[in-house]
Amino acid sequence: MPRSGSRASRRPPYTVGAALLLLLTGCAAAGTAPGPGGAAPGPAAVRTGAHAPTGSTGAHAPTGAAGPGAAAARGPAAPTAPREIRMLGQTVRSAIPAESRQALVVTGNSPDSSEATAVLYTRDDPAVGWQPAAGPWPAHNALYGWTDEHRVNDLRTPIGVYGLTAAGGLLEAPGTELPYVQSPAFTVSGEGFDGESLEGSFDYVIAIDYNRVPGASPLDPTRPLGEEQGGGIWLHVDHGGPTQGCISLPAERMEELLRILDPAKLPVIVMGDGAALAR
């Protein structure tokens, strides 16, 4: 169908297979799209984050020969501070658990945009700090952008820092250390907001621990914060348009991410528009 710049003219929310009709999910309309389980945001959850600038070392020593006591007089060089994720502000950085060594940072183009960019960072050596490991990748988020106070069916993606503790999909796992549930319940059909096919969107999913039980199947409908705060927020395969609350990535990027994420490294997702992440 022809696309329109007006949101009001876009198609209604997703429709899905019958197996998913009983689940409420942020990625699909209430009662229509499969809804992942609900786990409380937990200690990592925050409503606002990029790494701080790398610390600088001391001033360069003067050129030329120096007497034996010169180095002693200057003292040891100041250590270089561990690298931070530059686009994240102090509030968001402090929400990333100290033990986490993998962080997928999803930065929205603006508070009301449904387009974003994802970069995976790793922190294998705390003394060195965060390093980009994969990306940047194109991504989509909810139709109306982002929110600090997510509510069911508001068509916005919750801002914050959340764990990534379980995965699943219609297809067999491509190789992942995350707990993975393969099920026909991940079948989805219908059209997205721009008239694009939703088929294959849930071939691979990673549950985002917003209002769900961490580690439970993405299909678990439990909502510890209550149904009114929504849930079923996933990372899933991109279908070429806005989501109802989830983050979507191209299929090959989802496969890559599933292979890289390691539960032993306590992976998290840091997501929001640029201004929110800079808090």
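**A walk through some buried spots**

Reply: Let's start with D273, which counts as buried because its relative accessibility is 5% (buried means under 20% relative accessible area, exposed over 50%, partly exposed in between, with a 1.4 Å probe and protein chains only). Please keep in mind that this is a predicted model, where local features need pLDDT of at least 70, side-chain atom pairs count only at pLDDT 80 or more, and totals for chains, interfaces and linings use all residues. Residues are numbered from 1 along each chain as its sequence is written, and side-chain values use heavy atoms, with hydrogens and water left out.

Me: New topic: how many aromatic pairs does a search of the whole structure find?

Reply: The search finds 3. Rings of Phe, Tyr and Trp (its six-membered ring) pair if their centres lie within 6.5 Å; planes under 30 degrees apart are stacked, over 60 edge-to-face, and the rest tilted. One of the pairs is Y162 with Y210, edge-to-face at 5.8 Å centre to centre and 90° between the planes.

Me: Which parts does that pair tie together?

Reply: Y162 lies in strand β7 (residues 160–169) and Y210 in the loop between β10 and β11 (234–237), so the pair ties together parts 48 residues apart in sequence. Both Y162 and Y210 are buried.

Me: What about F202 and W234?

Reply: They form an edge-to-face pair too, 4.9 Å centre to centre with 80° between the planes. F202 sits in the loop between β9 and β10 and W234 in strand β11, 32 residues apart. Ring pairs also link F186, F202 and W234 into a cluster.

Me: Are F202 and W234 buried or exposed?

Reply: F202 is buried at 1% relative accessibility, and W234 is buried at 0%.

Me: Last one: where is D203, and what does D203 touch?

Reply: D203 is in the loop between β9 (188–189) and β10 (205–208). Not counting residues up to four places away in sequence, D203 touches G168, G169, L170, L171, Y180 and V237.

Note on methods. Helix = DSSP H or I, 4+ residues; strand = E, 2+ residues; numbered from the N terminus. Contact = heavy atoms within 4.5 Å.
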